[in-house]
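Have the structure open as you read.

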Amino acid sequence: MAVRVIPLVDQRTAALSAAVPRLCASPTGHLLDQLGRPLRDLRISVTDRCNFRCQYCMPKEVFDKDYTYLPHSALLSFEEITRLARIFLAHGVHKIRLTGGEPLLRKNLEALVAQLAALRTAEGLAPDVTLTTNASLLARKARALKDAGLNRLTVSLDALDDAVFRRMNDVDFAVTDVLKGIETAQAVGFERIKVNMVVQRGTNDDQILPMARFFRGTGVTLRFIEYMDVGATNGWCMDEVLPSSQVRERLQAEFPLVALAPGSTGETAARWGHANALGEYDPALGEVGFISSVTEAFCHDCNRARLSTEGKLYLCLFASQGWDLRSLLRAGASDAELAGAIAPMWQQRSDQYSQLRSSLPPSSASPGKRIEMSYIGG
Ligand code: SAM
Ligand code: SF4
Ligand code: SF4
């Protein structure tokens with residue numbers, strides 16, 4: 001068995017201090033970064049805690065009983081999150097995704113969903129409010145989330161084989177309980193649910209076909225995610241990445257697939273539809289997606305910003321530091337001042353880590369500098 005080397009540097013303490021410019025222009029809804037990318041998607045981490053210990057995200061060796069999570073006072077309150085979300089919407093955000101850690105562990109999350117769903121974009125439209133969850137609490141929460149105005153759901157499930165899944169979540173959680181969560185969500189009216197499967201070569205790549213067979217024709221879109229070098233604790237190595245092109249080849253050996261047009265600019269997944277006997281996309285059979293963050297980087301139209309549990313703004317999944325918005329909030333900054341402080345952060349952004357991954361000097365790719373996925377949110 002390969003030995004995991006786990007650097008224990010706590011990047012959460014590093015922060016860029018946010019400043020209010022002397023002149024704060026009103027938000028126009030059209031912020032562009034240095035590469036001409038608009039700000040459209042805000043991912044908000046509502047907790048750094050999780051009840052799973054997926055080896056690739058929160059390995060037990062690090063996230064054990066001695067691990068120090070953020071204290072409750074450090075977390076943004078629902079009111080603080082909603083206030084920031086309103087400002088981000090004014091700057092052009094259309095879509096808000098709640099994540100974590102496990103977001104459903106945050107008490108009364110549906111109240112936050114309701115507050116966010118009541119906000120409006122710069123064009124006066126309702127934002128698309130979504131959630132990514134391991135589904136352990138979904139059967140219990142689905143109805144309340146739907147009633148609160150959650151638009152869509154993404155469930156993470158890495159295997160259909162119970163033994164493989166229990167090994168991967170490392171807390172002995174059963175596949176049937178995740179499936180129950182998905183069924184309940186469908187029953188209360190969630191449509192177009194997505195299931196994310198992180199593929200790790202040698203760990204769960206034998207689950208690609210069983211997962212595709214299971215979800216084909218169910219109305220659930222299965223998406224295969226390349227295992228990423230995010231964070232510092234998972235001992236990532238390229239050998240464990242199965243390129244999406246190979247995942248697709250395995251699928252195509254059994255199912256005819258046809259390429260579909262992207263749903264929207266900045267979409268992370270390449271979409272392929274199940275085809276009928278005539279070789280045409282059959283919506284009744286549904287589609288699959290491939291998120292090729294490692295082998296086919298999509299930084300060129302990355303429109304995502306991430307707000308950490310304690311209110312730091314990260315402009316890239318691989319950034320080593322975030323902008324400290326909580327200090328501004330708690331120092332009494334007005335909405336106009338907050339908006340004025342956020343605008344130049346995005347306008348100065350030039351991150352494109354995945355695109356440059358192979359050409360970066362070793363120091364910038366150093367895992368010791370990276371923030372954890374469970375802290376920043378997926
Ligand atoms: N706990 C929730 C869940 O698992 O859905 C939300 C947070 S989790 C960090 C968000 C997504 O990130 C999950 O779909 C997870 O599988 C994915 N993820 C975590 N670590 C990853 C890695 N190293 N590479 C690729 N995806 C990863
Ligand atoms: Fe928890 Fe999600 Fe990370 Fe798994 S991927 S440990 S469920 S935060
Ligand atoms: Fe966006 Fe950074 Fe990921 Fe590139 S590496 S797609 S810039 S989050």
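Of the 378 residues of the protein chain, 54% are buried, where buried means under 20% relative accessible area, exposed over 50% and partly exposed in between, with a 1.4 Å probe and protein chains only. The accessible surface of the chain is about 16100 Å², and carbon and sulfur atoms own 54% of that area; these areas come from the Shrake-Rupley method with a 1.4 Å probe.

This is a predicted model, in which local features need pLDDT of at least 70, side-chain atom pairs count only at pLDDT 80 or more, and totals for chains, interfaces and linings use all residues. Residues are numbered from 1 along each chain as its sequence is written, chains are lettered from A and ligands numbered from 1 in the order in which they are written, and side-chain values use heavy atoms, leaving out hydrogens and water.

Along the principal axes, the C-alpha atoms fill a box of roughly 60 × 50 × 40 Å. Take contacts (heavy atoms within 4.5 Å) between residues at least 6 apart in sequence: 73% of them join residues at least 24 apart.

The fold holds eleven helices and 13 strands, which are DSSP runs numbered from the N terminus (helices H or I, at least four residues; strands E, at least two). Now zoom in on strand β5, residues 152–156: four of its five residues are buried, so β5 is largely enclosed by the rest of the structure. Strand β4 (residues 128–133) runs parallel to β5 and is joined to it by four bridges; DSSP must find at least two bridges for strands to pair. In β5, R152 is the bridge partner of T130.
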